[in-house]
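Here is a structure to question term by term.

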Amino acid sequence: MRDLPALWSSAAWRAELEAWLLPALADAGLTPTGPVVQDRVRFWSTVLHVDTDDGRVWVKENAPSQAFEAALVTVVDRIAPGRMAPVVAAEADHGWLATRDVGVPLWDRDDVGEDAWVELVAGWGRLQRELAPHADALLATGMAAFPEDAAAGWAADLADTLYALPTGDPRRLSDGERREVDAGLPLVADAAEALVASGMPATLQHNDLHLGNAFHEAGSPVAFIDLGDAVWAHPFTAFRIPLWILAERQGGAGDPLVGRVVDAALEPWTDLASRDALRALLPSADRVSCLHRALSWQRLVDDVPVSAVDPGHVRAAADWLLVATDTDPFARATR
């Protein structure tokens, strides 16, 4: 366990990174035209960039629990070219990843309208379908699988872990919160059972799918970044984030845009079941996907001393566990 923000802010770490990066750029035929600039340092990752004679290159190092991203992006880029930011270089031992710039995220573009949400989920769904047969290659990168038949047990184990923390530890579940989780575990089990019964193949669950992690230029497929939270799971668990964002912004799940986005998310899978049957799985997928968020935050907080975790995230694992076991996860998450 290391204070990663302190490490990533150090001259020694920067020297080690550049000793890898600069030769890697040369091997890719790129010549830097400016310095390596550190854009941000968070307790889960640091991101830098360097301008070259053939465009900007972005560089990332994740916390150890998400260091698999470098290998994962490389494999996805090989299987499905054009759907990731193109890889310039990757170094698996450190989790270093250098990728080409792919423009402005859809979330930050002035010319992007409502159709961007449709493009987002449709593009991710098509990629999921393409990646589903490649479980061995993708799991070999170190990404975790989250089988639905283990979801309730995993949630109970996390509750045990968080409740056993010393009194006063900000990560700890209180007595009342523990009772809430225990009461909601049957809901998790029911949701997981519905996903298993669907018979749909597991695939890549982005686990942070939104317009800030997507790029789209005319004539090209949607490209995605930021797979550090990814897990191998039921495909529909990927769509909670965009659908909940829209449900909150548009005033409810009955909004026409939300309906269009749901239809786009389901479309790649309509050869496996009717649209109504697929749509009926979404609440179960939403509930289980909240555990995926709990998994990400639990392992990231475990990567560093508690003192290195910003206050806004120190209870994230407990909060997402409470959302997953609530009678109404959407209401709990957005209240």
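Q: What makes Arg83 and Glu130 a salt bridge?
A: The rule asks for a side-chain nitrogen of Lys or Arg within 4 Å of a carboxyl oxygen of Asp or Glu. The closest N and O atoms of Arg83 and Glu130 are 2.7 Å apart, so the pair meets the rule. By this rule the count comes to 23 salt bridges. This is a predicted model: local features need pLDDT of at least 70 and side-chain atom pairs 80 or more, while totals for chains, interfaces and linings use all residues. Residues are numbered from 1 along each chain as its sequence is written, and side-chain values use heavy atoms, without hydrogens and water.

Q: Why can the Arg83 and Glu130 pair be said to tie parts together?
A: Arg83 sits in the loop between helix 3 (69-79) and strand 4 (87-91), and Glu130 sits in helix 4, so the bridge joins parts that are 47 residues apart in sequence. Helices (H or I, at least four residues) and strands (E, at least two) are DSSP runs, numbered from the N terminus.

Q: Why is helix 4 called roughly parallel to helix 9?
A: Helix 4 (residues 115-131) and helix 9 (residues 256-266) pack at about 20°, with their axes 8 Å apart. Axes are lines fitted to C-alpha atoms, for helices over the stretch in contact, and angles run from 0 to 180 degrees between N-to-C directions. Angles under 35 degrees count as roughly parallel, over 145 as roughly antiparallel, 65 to 115 as roughly perpendicular and the rest as oblique. Helix 4 is therefore roughly parallel to helix 9.

Q: Which residues make the contact of helix 4 with helix 9?
A: Helix 4 gives Asp115, Trp117, Val118, Val121 and Ala122, and helix 9 gives Arg260, Val261, Ala264 and Ala265. Contact means heavy atoms within 4.5 Å. These residues divide into 7 nonpolar, no polar and 2 charged. Ala, Val, Leu, Ile, Met, Phe, Trp, Tyr, Cys and Pro count as nonpolar, Asp, Glu, Lys and Arg as charged, and the others, Gly among them, as polar.

Q: Which residues of helix 6 and helix 12 meet?
A: Ala155, Leu158, Ala159 and Leu162 in helix 6 meet Ala317, Ala318 and Leu321 in helix 12. By class, this contact has 7 nonpolar, no polar and no charged residues.

Q: How do you know that strand 7 and strand 10 pair?
A: Two strands pair if DSSP finds at least two bridges between them. Strand 7 and strand 10 (residues 231-233) are joined by 3 bridges and run antiparallel, so they pass. Gln205 has Val231 as its bridge partner in strand 10.

Q: What makes strand 6 and strand 7 edge strands?
A: Strand 6 (144-145) and strand 7 (203-205) each pair on one side only. The open sheet of 3 strands has the order 6-10-7, with mixed pairing.

Q: How many bridges join strand 4 to strand 5?
A: There are 4 bridges between strand 4 and strand 5 (residues 96-100), which run antiparallel. The two strands form a hairpin with 4 residues between them, and Gly95 in the turn has a positive phi of about 75°.
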